[in-house]
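Here is a short tour for a reader meeting this structure for the first time. Keep the 3D view open and follow along.

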Amino acid sequence: MVPADRNLQMQLDRGAAAKAGTEEQIHELSDLLDEAAVIRLVNSFLQEGIEKRASDIHIQGEQSRVQVRYRVDGVLADGPAVPKSLMKVIAARVKVMANLDLASRKTPLDGRISLKLVNKKFEVRVSILPTVRGPKIVMRIAEQGAIQIGIDKMQMGDEITKNFRSVISHPHGMFLITGPTGSGKSTTLYSALAELNTPEKNILTVENPVETQLERLSQAEIDEKAGLGFVECLRAALRQDPDVIMVGEIRDLETASIAVQASLTGHLVLSTLHTNDAPSAVTRLVDMGVQPFLVASSLIAVLAQRLVRKLCPACAVSFVPSPGELAGLGMQLAEGQTLKKPGGCRKCSSGYSGRVGIFELLNVTETIQRMILERKPDSDIKTRAIEEGMVTLKDSVCRRLSEGLTSLAEAHRTIFIGGH
(Lines give C-alpha, C1' and ligand atoms only; values in the text may rest on other atoms or scores of the structure.)
Protein backbone atom coordinates (compact mmCIF):
# COMPACT_ATOMS: atom_id res chain seq x y z
CA MET A 1 0.00 0.00 0.00
CA VAL A 2 1.39 3.41 -0.95
CA PRO A 3 1.42 6.06 1.82
CA ALA A 4 0.01 9.52 1.13
CA ASP A 5 2.43 12.41 0.75
CA ARG A 6 1.26 14.88 3.39
CA ASN A 7 2.73 17.94 1.67
CA LEU A 8 1.12 16.84 -1.57
CA GLN A 9 -2.28 16.56 0.11
CA MET A 10 -1.92 20.03 1.63
CA GLN A 11 -1.06 21.44 -1.77
CA LEU A 12 -3.99 19.61 -3.34
CA ASP A 13 -6.38 21.08 -0.79
CA ARG A 14 -5.10 24.58 -1.52
CA GLY A 15 -4.86 24.20 -5.30
CA ALA A 16 -8.23 22.55 -5.90
CA ALA A 17 -10.37 24.27 -3.28
CA ALA A 18 -10.62 27.47 -5.28
CA LYS A 19 -11.47 27.54 -8.97
CA ALA A 20 -9.56 30.82 -9.26
CA GLY A 21 -6.16 29.22 -8.51
CA THR A 22 -3.29 30.64 -10.57
CA GLU A 23 -1.69 28.79 -13.44
CA GLU A 24 1.58 28.70 -11.48
CA GLN A 25 -0.14 26.91 -8.59
CA ILE A 26 -1.58 24.32 -10.93
CA HIS A 27 1.81 23.70 -12.55
CA GLU A 28 3.38 23.37 -9.11
CA LEU A 29 0.71 20.86 -8.14
CA SER A 30 1.34 18.90 -11.32
CA ASP A 31 5.10 18.80 -10.60
CA LEU A 32 4.43 17.47 -7.10
CA LEU A 33 2.18 14.79 -8.50
CA ASP A 34 4.87 13.63 -10.95
CA GLU A 35 7.23 13.04 -8.01
CA ALA A 36 4.71 11.34 -5.75
CA ALA A 37 4.40 7.65 -4.97
CA VAL A 38 0.76 7.88 -6.09
CA ILE A 39 2.03 7.56 -9.67
CA ARG A 40 3.08 3.99 -8.92
CA LEU A 41 -0.28 3.32 -7.30
CA VAL A 42 -2.35 4.49 -10.29
CA ASN A 43 -0.02 2.62 -12.65
CA SER A 44 -0.56 -0.53 -10.58
CA PHE A 45 -4.34 -0.17 -11.02
CA LEU A 46 -3.90 0.08 -14.78
CA GLN A 47 -1.39 -2.78 -14.86
CA GLU A 48 -3.67 -5.10 -12.88
CA GLY A 49 -6.65 -4.15 -15.03
CA ILE A 50 -4.75 -5.02 -18.20
CA GLU A 51 -3.51 -8.29 -16.73
CA LYS A 52 -7.08 -9.22 -15.79
CA ARG A 53 -8.33 -8.30 -19.31
CA ALA A 54 -10.63 -5.71 -17.73
CA SER A 55 -12.67 -3.46 -20.00
CA ASP A 56 -13.20 -0.87 -17.24
CA ILE A 57 -11.55 0.17 -13.99
CA HIS A 58 -13.77 1.81 -11.36
CA ILE A 59 -12.25 3.88 -8.55
CA GLN A 60 -14.70 5.22 -5.99
CA GLY A 61 -14.68 6.60 -2.48
CA GLU A 62 -16.47 4.57 0.19
CA GLN A 63 -17.10 5.56 3.80
CA SER A 64 -13.69 4.45 5.04
CA ARG A 65 -11.68 3.52 1.96
CA VAL A 66 -11.15 3.92 -1.78
CA GLN A 67 -12.39 0.82 -3.57
CA VAL A 68 -11.07 -0.28 -6.96
CA ARG A 69 -13.21 -2.60 -9.06
CA TYR A 70 -12.51 -4.29 -12.40
CA ARG A 71 -15.08 -5.21 -15.04
CA VAL A 72 -13.94 -8.48 -16.61
CA ASP A 73 -16.08 -10.16 -19.27
CA GLY A 74 -18.92 -7.79 -18.44
CA VAL A 75 -18.99 -8.45 -14.67
CA LEU A 76 -17.63 -6.14 -11.94
CA ALA A 77 -15.47 -7.58 -9.16
CA ASP A 78 -13.67 -5.92 -6.25
CA GLY A 79 -9.98 -5.21 -6.60
CA PRO A 80 -7.64 -3.55 -4.09
CA ALA A 81 -8.78 -1.04 -1.46
CA VAL A 82 -6.62 1.86 -0.26
CA PRO A 83 -7.07 4.48 2.48
CA LYS A 84 -9.75 7.12 1.93
CA SER A 85 -7.10 9.83 2.35
CA LEU A 86 -5.64 8.89 -1.04
CA MET A 87 -8.77 9.76 -3.05
CA LYS A 88 -7.68 13.33 -3.80
CA VAL A 89 -4.19 12.42 -5.00
CA ILE A 90 -5.48 9.51 -7.08
CA ALA A 91 -8.03 11.78 -8.78
CA ALA A 92 -5.41 14.45 -9.34
CA ARG A 93 -2.97 11.95 -10.85
CA VAL A 94 -5.63 10.64 -13.25
CA LYS A 95 -6.48 14.22 -14.22
CA VAL A 96 -2.83 14.95 -15.01
CA MET A 97 -2.57 11.79 -17.13
CA ALA A 98 -5.78 12.68 -19.01
CA ASN A 99 -4.85 16.38 -19.35
CA LEU A 100 -7.89 17.52 -17.35
CA ASP A 101 -8.46 20.58 -15.17
CA LEU A 102 -6.89 19.91 -11.76
CA ALA A 103 -8.93 22.62 -10.06
CA SER A 104 -12.30 21.34 -11.30
CA ARG A 105 -14.13 19.44 -8.57
CA LYS A 106 -17.83 20.08 -9.12
CA THR A 107 -18.31 19.30 -12.81
CA PRO A 108 -18.06 15.99 -14.71
CA LEU A 109 -14.88 15.59 -16.74
CA ASP A 110 -13.99 13.40 -19.72
CA GLY A 111 -10.54 12.77 -21.10
CA ARG A 112 -8.23 10.25 -22.69
CA ILE A 113 -4.92 8.63 -21.80
CA SER A 114 -2.53 7.00 -24.26
CA LEU A 115 -0.11 4.60 -22.63
CA LYS A 116 2.16 1.66 -23.29
CA LEU A 117 2.29 -1.28 -20.92
CA VAL A 118 3.66 -4.80 -21.39
CA ASN A 119 4.82 -3.76 -24.88
CA LYS A 120 1.29 -2.96 -26.00
CA LYS A 121 -0.39 0.36 -26.73
CA PHE A 122 -3.66 1.23 -25.00
CA GLU A 123 -6.19 4.03 -25.23
CA VAL A 124 -7.92 4.75 -21.92
CA ARG A 125 -11.11 6.83 -21.85
CA VAL A 126 -11.50 8.61 -18.53
CA SER A 127 -14.75 9.78 -16.93
CA ILE A 128 -14.79 11.59 -13.58
CA LEU A 129 -18.12 12.23 -11.85
CA PRO A 130 -18.42 14.30 -8.62
CA THR A 131 -20.31 12.38 -5.90
CA VAL A 132 -21.08 12.92 -2.23
CA ARG A 133 -18.07 10.72 -1.39
CA GLY A 134 -15.67 12.38 -3.74
CA PRO A 135 -14.90 11.84 -7.43
CA LYS A 136 -15.97 8.55 -9.04
CA ILE A 137 -13.41 7.59 -11.69
CA VAL A 138 -14.07 5.14 -14.50
CA MET A 139 -11.30 4.27 -16.94
CA ARG A 140 -12.30 2.29 -20.04
CA ILE A 141 -9.37 0.36 -21.51
CA ALA A 142 -9.00 -0.46 -25.20
CA GLU A 143 -5.91 -2.08 -26.67
CA GLN A 144 -5.05 -0.51 -30.01
CA GLY A 145 -5.71 -2.97 -32.80
CA ALA A 146 -7.14 -5.59 -30.43
CA ILE A 147 -10.77 -5.46 -31.63
CA GLN A 148 -11.51 -8.54 -33.74
CA ILE A 149 -13.27 -7.02 -36.74
CA GLY A 150 -15.01 -9.18 -39.30
CA ILE A 151 -18.49 -10.59 -39.80
CA ASP A 152 -17.27 -14.20 -39.77
CA LYS A 153 -15.34 -13.58 -36.53
CA MET A 154 -18.57 -12.61 -34.78
CA GLN A 155 -19.81 -16.24 -34.82
CA MET A 156 -23.43 -15.22 -35.41
CA GLY A 157 -24.34 -18.55 -36.99
CA ASP A 158 -24.80 -19.30 -40.69
CA GLU A 159 -28.42 -18.12 -40.90
CA ILE A 160 -27.93 -14.72 -39.23
CA THR A 161 -24.56 -14.17 -40.94
CA LYS A 162 -26.15 -14.66 -44.37
CA ASN A 163 -29.04 -12.37 -43.41
CA PHE A 164 -26.63 -9.75 -42.02
CA ARG A 165 -24.65 -9.66 -45.27
CA SER A 166 -27.87 -9.33 -47.24
CA VAL A 167 -28.98 -6.35 -45.12
CA ILE A 168 -25.75 -4.37 -45.54
CA SER A 169 -25.78 -5.00 -49.30
CA HIS A 170 -28.76 -2.62 -49.62
CA PRO A 171 -27.78 0.55 -51.53
CA HIS A 172 -29.86 2.72 -49.19
CA GLY A 173 -31.92 2.50 -46.01
CA MET A 174 -31.22 2.47 -42.29
CA PHE A 175 -29.80 -0.49 -40.36
CA LEU A 176 -29.78 -0.19 -36.55
CA ILE A 177 -27.86 -2.19 -33.96
CA THR A 178 -29.31 -2.19 -30.45
CA GLY A 179 -28.24 -3.32 -27.02
CA PRO A 180 -26.96 -1.98 -23.72
CA THR A 181 -23.57 -0.37 -23.19
CA GLY A 182 -20.81 -2.95 -23.52
CA SER A 183 -22.80 -5.36 -25.71
CA GLY A 184 -20.39 -5.17 -28.66
CA LYS A 185 -22.37 -2.79 -30.88
CA SER A 186 -19.27 -0.88 -32.01
CA THR A 187 -17.49 -4.09 -33.02
CA THR A 188 -20.52 -5.09 -35.09
CA LEU A 189 -20.62 -1.67 -36.79
CA TYR A 190 -16.91 -1.84 -37.63
CA SER A 191 -17.34 -5.38 -38.95
CA ALA A 192 -20.08 -4.16 -41.28
CA LEU A 193 -17.95 -1.22 -42.42
CA ALA A 194 -14.97 -3.50 -43.05
CA GLU A 195 -17.17 -5.64 -45.30
CA LEU A 196 -18.43 -2.56 -47.18
CA ASN A 197 -15.01 -0.93 -47.43
CA THR A 198 -14.19 -1.10 -51.13
CA PRO A 199 -12.61 1.48 -53.47
CA GLU A 200 -16.02 2.10 -55.08
CA LYS A 201 -17.60 3.41 -51.88
CA ASN A 202 -17.16 6.65 -49.99
CA ILE A 203 -17.74 5.79 -46.32
CA LEU A 204 -17.97 8.43 -43.60
CA THR A 205 -18.44 7.94 -39.88
CA VAL A 206 -19.50 10.27 -37.07
CA GLU A 207 -18.35 8.85 -33.73
CA ASN A 208 -17.87 9.64 -30.06
CA PRO A 209 -15.06 8.70 -29.85
CA VAL A 210 -13.38 7.03 -32.84
CA GLU A 211 -12.50 3.66 -31.33
CA THR A 212 -10.85 1.96 -34.31
CA GLN A 213 -9.34 3.66 -37.34
CA LEU A 214 -9.90 1.93 -40.67
CA GLU A 215 -8.11 2.66 -43.92
CA ARG A 216 -10.08 4.46 -46.67
CA LEU A 217 -12.80 5.59 -44.23
CA SER A 218 -13.27 9.26 -43.31
CA GLN A 219 -13.93 9.18 -39.56
CA ALA A 220 -15.06 12.32 -37.73
CA GLU A 221 -15.02 12.62 -33.95
CA ILE A 222 -17.55 14.85 -32.25
CA ASP A 223 -16.49 17.56 -29.80
CA GLU A 224 -19.48 18.88 -27.85
CA LYS A 225 -17.38 21.55 -26.10
CA ALA A 226 -16.41 23.00 -29.48
CA GLY A 227 -20.03 22.91 -30.64
CA LEU A 228 -19.43 19.91 -32.90
CA GLY A 229 -22.13 17.39 -32.02
CA PHE A 230 -23.66 14.46 -33.90
CA VAL A 231 -26.10 16.75 -35.72
CA GLU A 232 -23.45 19.19 -36.96
CA CYS A 233 -21.09 16.39 -38.03
CA LEU A 234 -23.87 14.46 -39.76
CA ARG A 235 -25.00 17.50 -41.72
CA ALA A 236 -21.43 18.14 -42.85
CA ALA A 237 -20.97 14.45 -43.75
CA LEU A 238 -23.97 14.61 -46.08
CA ARG A 239 -22.15 17.29 -48.09
CA GLN A 240 -19.19 14.94 -48.61
CA ASP A 241 -20.79 12.79 -51.34
CA PRO A 242 -21.14 9.68 -49.13
CA ASP A 243 -22.37 6.24 -50.11
CA VAL A 244 -22.39 4.88 -46.56
CA ILE A 245 -22.71 6.83 -43.33
CA MET A 246 -22.16 5.40 -39.86
CA VAL A 247 -23.53 7.42 -36.92
CA GLY A 248 -22.17 6.24 -33.57
CA GLU A 249 -25.50 6.65 -31.79
CA ILE A 250 -28.97 8.04 -32.42
CA ARG A 251 -29.89 9.76 -29.19
CA ASP A 252 -32.37 12.51 -30.10
CA LEU A 253 -35.00 13.51 -32.67
CA GLU A 254 -32.72 15.83 -34.65
CA THR A 255 -30.07 13.15 -35.19
CA ALA A 256 -32.75 10.55 -35.94
CA SER A 257 -34.46 12.84 -38.48
CA ILE A 258 -31.25 13.56 -40.38
CA ALA A 259 -30.32 9.85 -40.38
CA VAL A 260 -33.77 8.92 -41.70
CA GLN A 261 -33.68 11.57 -44.43
CA ALA A 262 -30.18 10.43 -45.44
CA SER A 263 -31.41 6.85 -45.74
CA LEU A 264 -34.33 7.98 -47.92
CA THR A 265 -32.10 9.95 -50.30
CA GLY A 266 -29.80 7.19 -51.52
CA HIS A 267 -27.49 6.51 -48.58
CA LEU A 268 -26.97 3.41 -46.46
CA VAL A 269 -27.03 4.55 -42.82
CA LEU A 270 -25.71 2.41 -39.98
CA SER A 271 -26.24 3.41 -36.36
CA THR A 272 -27.05 2.24 -32.82
CA LEU A 273 -29.86 2.62 -30.31
CA HIS A 274 -30.28 1.57 -26.70
CA THR A 275 -33.25 -0.83 -26.64
CA ASN A 276 -33.90 -4.22 -25.05
CA ASP A 277 -34.64 -6.08 -28.27
CA ALA A 278 -34.96 -5.51 -32.01
CA PRO A 279 -38.72 -4.73 -32.25
CA SER A 280 -38.38 -2.10 -29.50
CA ALA A 281 -36.26 0.02 -31.87
CA VAL A 282 -39.41 0.88 -33.83
CA THR A 283 -41.16 2.24 -30.74
CA ARG A 284 -38.01 4.06 -29.67
CA LEU A 285 -37.81 5.99 -32.94
CA VAL A 286 -41.52 6.85 -32.84
CA ASP A 287 -41.22 7.95 -29.19
CA MET A 288 -38.37 10.24 -30.25
CA GLY A 289 -40.79 11.93 -32.66
CA VAL A 290 -40.03 10.22 -35.99
CA GLN A 291 -43.26 9.70 -37.92
CA PRO A 292 -44.25 6.01 -38.35
CA PHE A 293 -44.40 6.34 -42.15
CA LEU A 294 -40.79 7.55 -42.15
CA VAL A 295 -39.70 4.67 -39.90
CA ALA A 296 -41.49 2.17 -42.16
CA SER A 297 -39.96 3.69 -45.30
CA SER A 298 -36.37 3.98 -44.07
CA LEU A 299 -35.73 1.08 -41.69
CA ILE A 300 -34.49 -2.10 -43.39
CA ALA A 301 -33.43 -4.16 -40.37
CA VAL A 302 -32.56 -4.08 -36.66
CA LEU A 303 -29.97 -6.28 -34.96
CA ALA A 304 -30.22 -6.69 -31.18
CA GLN A 305 -27.25 -8.22 -29.42
CA ARG A 306 -25.71 -9.13 -26.07
CA LEU A 307 -22.44 -10.63 -24.92
CA VAL A 308 -22.50 -13.69 -22.66
CA ARG A 309 -19.51 -15.05 -20.79
CA LYS A 310 -17.91 -18.16 -22.29
CA LEU A 311 -17.24 -21.12 -20.05
CA CYS A 312 -13.59 -21.89 -19.46
CA PRO A 313 -12.94 -25.03 -21.55
CA ALA A 314 -10.39 -26.26 -19.02
CA CYS A 315 -12.82 -26.61 -16.11
CA ALA A 316 -16.41 -26.57 -17.45
CA VAL A 317 -18.52 -29.30 -15.83
CA SER A 318 -21.19 -31.32 -17.66
CA PHE A 319 -24.55 -31.91 -15.94
CA VAL A 320 -28.13 -32.92 -16.71
CA PRO A 321 -30.42 -29.92 -16.03
CA SER A 322 -33.71 -30.35 -14.22
CA PRO A 323 -37.00 -29.21 -15.82
CA GLY A 324 -37.09 -26.32 -13.37
CA GLU A 325 -33.68 -25.07 -14.52
CA LEU A 326 -34.94 -24.99 -18.11
CA ALA A 327 -38.21 -23.26 -17.22
CA GLY A 328 -38.88 -20.23 -19.40
CA LEU A 329 -36.23 -21.07 -21.98
CA GLY A 330 -38.35 -23.38 -24.10
CA MET A 331 -35.40 -25.74 -24.61
CA GLN A 332 -36.12 -29.35 -25.41
CA LEU A 333 -33.25 -31.66 -24.50
CA ALA A 334 -32.96 -35.29 -25.47
CA GLU A 335 -32.97 -37.81 -22.61
CA GLY A 336 -29.57 -37.72 -20.93
CA GLN A 337 -28.41 -34.67 -22.90
CA THR A 338 -26.10 -32.49 -20.85
CA LEU A 339 -25.34 -28.82 -20.58
CA LYS A 340 -22.27 -27.27 -18.98
CA LYS A 341 -21.69 -25.07 -15.96
CA PRO A 342 -18.65 -23.25 -14.57
CA GLY A 343 -16.10 -25.12 -12.52
CA GLY A 344 -13.23 -22.85 -11.59
CA CYS A 345 -9.51 -23.36 -12.01
CA ARG A 346 -6.24 -21.46 -11.72
CA LYS A 347 -6.45 -20.48 -15.35
CA CYS A 348 -9.79 -18.68 -15.06
CA SER A 349 -10.64 -18.53 -11.29
CA SER A 350 -14.30 -17.74 -12.11
CA GLY A 351 -15.18 -20.59 -14.45
CA TYR A 352 -15.44 -18.20 -17.41
CA SER A 353 -12.98 -16.91 -19.97
CA GLY A 354 -13.92 -14.45 -22.72
CA ARG A 355 -17.32 -13.65 -24.19
CA VAL A 356 -19.42 -14.59 -27.20
CA GLY A 357 -22.37 -12.79 -28.81
CA ILE A 358 -26.05 -13.66 -28.98
CA PHE A 359 -28.11 -12.01 -31.71
CA GLU A 360 -31.66 -11.20 -32.85
CA LEU A 361 -32.06 -9.89 -36.41
CA LEU A 362 -35.40 -8.32 -37.39
CA ASN A 363 -35.98 -7.80 -41.12
CA VAL A 364 -38.48 -5.05 -41.91
CA THR A 365 -40.63 -6.92 -44.42
CA GLU A 366 -43.74 -5.51 -46.12
CA THR A 367 -45.87 -7.03 -43.35
CA ILE A 368 -43.73 -5.42 -40.65
CA GLN A 369 -43.89 -2.11 -42.52
CA ARG A 370 -47.69 -2.20 -42.44
CA MET A 371 -47.63 -2.98 -38.72
CA ILE A 372 -45.36 0.03 -38.12
CA LEU A 373 -47.73 2.27 -40.08
CA GLU A 374 -50.64 0.93 -38.01
CA ARG A 375 -48.65 1.61 -34.81
CA LYS A 376 -48.86 -1.98 -33.68
CA PRO A 377 -47.16 -2.68 -30.31
CA ASP A 378 -43.69 -4.23 -30.04
CA SER A 379 -45.14 -7.54 -28.88
CA ASP A 380 -47.25 -7.90 -32.05
CA ILE A 381 -44.30 -7.01 -34.28
CA LYS A 382 -42.13 -9.53 -32.43
CA THR A 383 -44.75 -12.28 -32.78
CA ARG A 384 -45.03 -11.65 -36.50
CA ALA A 385 -41.24 -11.52 -36.95
CA ILE A 386 -40.90 -14.90 -35.20
CA GLU A 387 -43.55 -16.32 -37.53
CA GLU A 388 -41.41 -15.04 -40.42
CA GLY A 389 -38.35 -16.83 -39.06
CA MET A 390 -36.64 -14.34 -36.74
CA VAL A 391 -34.19 -15.94 -34.30
CA THR A 392 -34.74 -14.26 -30.93
CA LEU A 393 -32.16 -13.48 -28.26
CA LYS A 394 -33.61 -16.35 -26.25
CA ASP A 395 -33.22 -18.73 -29.22
CA SER A 396 -29.67 -17.53 -29.69
CA VAL A 397 -28.67 -18.05 -26.05
CA CYS A 398 -30.25 -21.53 -26.12
CA ARG A 399 -27.98 -22.37 -29.05
CA ARG A 400 -24.97 -21.20 -27.06
CA LEU A 401 -26.11 -23.44 -24.20
CA SER A 402 -26.47 -26.44 -26.50
CA GLU A 403 -22.98 -25.75 -27.90
CA GLY A 404 -21.57 -25.81 -24.36
CA LEU A 405 -20.27 -22.26 -24.70
CA THR A 406 -22.13 -20.65 -21.78
CA SER A 407 -24.14 -21.52 -18.67
CA LEU A 408 -27.78 -21.34 -17.58
CA ALA A 409 -26.81 -18.79 -14.92
CA GLU A 410 -25.24 -16.60 -17.58
CA ALA A 411 -28.28 -16.92 -19.84
CA HIS A 412 -30.55 -15.74 -17.02
CA ARG A 413 -28.15 -12.93 -16.10
CA THR A 414 -27.96 -11.57 -19.63
CA ILE A 415 -31.51 -11.70 -21.00
CA PHE A 416 -35.05 -11.72 -19.62
CA ILE A 417 -36.31 -15.30 -19.59
CA GLY A 418 -40.08 -15.09 -20.00
CA GLY A 419 -42.66 -14.65 -22.72
CA HIS A 420 -40.94 -14.99 -26.09
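## Hairpins and the sheet

Strand 4 and strand 5 make a hairpin, with 2 residues between them. Val118 sits in that turn and has a positive phi of about 45°. The model is a predicted one. Strand 4 and strand 5 run antiparallel. Within this pairing, Leu117 has Lys120 in strand 5 as its bridge partner.

The next link is also a hairpin: 2 residues join strand 5 to strand 6. These two strands are antiparallel too. Here Thr131 is bridged to Gly134 in strand 6.

Strand 6 also pairs with strand 1, again in the antiparallel sense. Ile59 finds its bridge partner in Ile137 of strand 6.

| Strands | Sense | Bridges |
|---|---|---|
| Strand 4 and strand 5 | antiparallel | 9 bridges |
| Strand 5 and strand 6 | antiparallel | 10 bridges |
| Strand 1 (residues 54-61) and strand 6 (residues 134-143) | antiparallel | 4 bridges |

How do the strands line up as a whole? An open sheet of 6 strands has the order 3-2-1-6-5-4, with antiparallel pairing. Which strands lie at its edges? They are strand 3 (75-83) and strand 4 (109-117), and each of them pairs on one side only. From one strand to the next, the twist averages 20°.

A helix belongs in this picture as well. Helix 4 (residues 87-97) lies across strand 1, strand 2 (65-72), strand 3, strand 4, strand 5 (120-131) and strand 6. Helix 4 runs at about 40° to strand 6.

## Helix 5 and its partners

Two packed helices are described by the angle between their axes and the distance between the axes. Helix 5 and helix 6 (residues 185-196) pack at an angle of about 65°, and their axes are 11 Å apart. The crossing of helix 5 past helix 6 is right-handed. Which residues meet there? From helix 5 come Phe164, Arg165 and Ile168. From helix 6 come Thr188, Ala192, Glu195 and Leu196.

Phe164 lies in helix 5 (residues 158-168) and Phe175 in strand 7 (residues 173-178), 11 residues apart. Are these two residues buried or exposed? Both Phe164 and Phe175 are buried.

## Charges over rings

Rings also meet charges. The charged end of Arg309 sits over the Tyr352 ring, 4.0 Å from the ring centre. Lys341 lies over the face of Phe319, at 5.1 Å from the centre of that ring.

Helix 9 (residues 280-288) has five names to find: its buried residues are Ser280, Ala281, Val282, Leu285 and Met288. Gly289 follows helix 9, and its phi is positive, near 120°.

Leu373 belongs to helix 12 (residues 366-373). Why does Leu373 count as partly exposed? Its relative accessible area is 48%, and partly exposed covers the range between under 20% for buried and over 50% for exposed. Beyond its neighbours within four places in sequence, Leu373 is in contact with Pro292, Phe293 and Ala296. Leu373 and Ser297 are 76 residues apart in sequence, yet 9.5 Å apart in space, C-alpha to C-alpha.

Terms used:
Residues numbered from 1 in each chain as written. Predicted model: local features only at pLDDT ≥ 70, side-chain atom pairs only at ≥ 80, totals over all residues. Heavy atoms only, no water. Buried < 20%, exposed > 50% of the residue type's maximum accessible area, 1.4 Å probe, protein only. Lys NZ or Arg CZ within 6 Å of the ring centre and 35° of its normal. Pairing = 2+ DSSP bridges. Axes fitted to C-alpha atoms, helices over the stretch in contact; angles between N-to-C directions. Contact = heavy atoms within 4.5 Å. Left-handed = near helix turned anticlockwise from the far one by under 90°.
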